[in-house]
Amino acid sequence: MLIAYGVGILGVLGLSSIPLYRAYRMHRAASEPIEDGVCVACQSRDCTLLAPAVYRCNKCGFEAGSGMPAYRKALALAQIDAMDPKARFESALADLRESRLALLGAQGLLDNAGVMSAMDIVDLENLDRGSAKQSVVVAAAREMQRAGNCIEQASAKLRQQLTEGPVKAELGSLEMLLDSSLFGDSLATDLLAHARIDALKAETQRVRAQVEHAVRRLEARA
Ligand SMILES: [Zn+2]
């Protein structure tokens with residue numbers, strides 16, 4: 001009886017532990033740092049080193065490695081260096097105008113969000129379709145980040161910092177805030193959401209004023 005019971009337990013454990021073990025292995029693999037020199041796409045070791053900690057897989061052509069961000073940045077800088085001064089200036093001005101458009105877009109989205117409740121901002125109706133992250137505030141933050149990237153590009157091209165500091169529009173904490181509003185449509189959640197919207201608005205206005213100034217200065221030079 002006792003033995004049968006033991007075997008039964010083992011049987012149950014044995015069956016249920018296979019997916020558990022697999023999940024454990026996948027979790028470990030996902031949390032391990034990228035191993036340089038092994039293709040993450042096809043696991044081939046036939047890789048060519050392109051730069052420190054950057055490789056290209058000779059089997060599938062995938063490029064990756066822990067040094068990728070630094071490598072991309074160096075490539076972009078080399079591209080900028082290869083431009084003649086006039087092209088570089090015009091490209092920078094185009095980047096700045098693009099950032100101005102993105103900031104205007106963000107401002108419009110934030111103005112809309114300003115009159116919505118936190119629940120509406122999260123867009124509960126579409127939540128079960130997984131589109132909550134397209135909520136109006138997150139879209140605004142994305143536009144702000146796009147503006148920030150354009151400003152960074154323009155600054156690199158002109159070799160001068162065109163605005164003070166990076167554009168502050170952290171998406172992570174924003175998504176968490178919007179998620180937390182699912183736990184109740186309380187006044188506190190609305191206040192918190194609108195405090196966050198006001199902060200994003202103020203940041204948009206701060207950066208836009210500086211971008212407008214820089215655009216006018218560059219246009220006068222063009
Ligand atoms: Zn590969």
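This is a predicted model: local features need pLDDT of at least 70, side-chain atom pairs count only at pLDDT 80 or more; totals for chains, interfaces and linings use all residues.
Two residues are said to be in contact here if their C-beta atoms, placed from the backbone, lie within 7 Å.

I begin with M144. Leaving aside residues up to four places away in sequence, M144 touches A106, V167, A169, L200, E203 and T204. M144 also belongs to the largest nonpolar core, a group of 28 residues. Within this core, the residues with the most contacts are A106, A140, M144 and A147. As general background, nonpolar side chains in soluble globular proteins tend to be buried together.

There is also a second, separate core of 5 residues, and among its members are C39, C47, V54 and Y55.

Let me return to helix α6, which runs from residue 136 to 158 and holds E143. Is E143 buried or exposed? A residue counts as buried when 20 or more other C-beta atoms lie within 10 Å of its own. E143 has 24 such atoms within 10 Å, and is therefore buried. Its contacts, again not counting residues up to four places away in sequence, are A102, G105, A106 and L109. The C-alpha atoms of E143 and T204 are 9.9 Å apart, although 61 residues separate the two along the chain.

Just after α6, R159 adopts a positive phi of about 55°.

Helix α2, residues 68–82, passes the corresponding check: its 15 residues should span 21 Å at 1.5 Å a residue, and its end C-alpha atoms are 21 Å apart, which agrees. As for covering, α2 has hardly any, with a count of 0 buried residues among its 15.

Finally, the sheet. Three strands form an open sheet in the order β1-β2-β3, with antiparallel pairing. The edges are taken by β1, residues 47–51, and β3, residues 63–64; each has a single partner strand, so one side of each lacks a neighbour in the sheet. Strand β2, residues 54–57, is joined to β3 by 2 bridges, and these strands run antiparallel. Y55 stands opposite A64 in β3, and Y55 is also one of the residues in the second core.

Technical notes. Residues are numbered from 1 along each chain as its sequence is written. Helices (H or I, at least four residues) and strands (E, at least two) are DSSP runs, numbered from the N terminus. A residue is buried if 20 or more other C-beta atoms lie within 10 Å of its own, exposed if 12 or fewer, and partly exposed in between; C-beta atoms are placed from the backbone. A nonpolar core is a set of buried Ala, Val, Leu, Ile, Met, Phe, Trp, Tyr and Cys residues joined through C-beta atoms within 7 Å. Two strands pair if DSSP finds at least two bridges between them. The expected span of a helix is 1.5 Å times one less than its number of residues.
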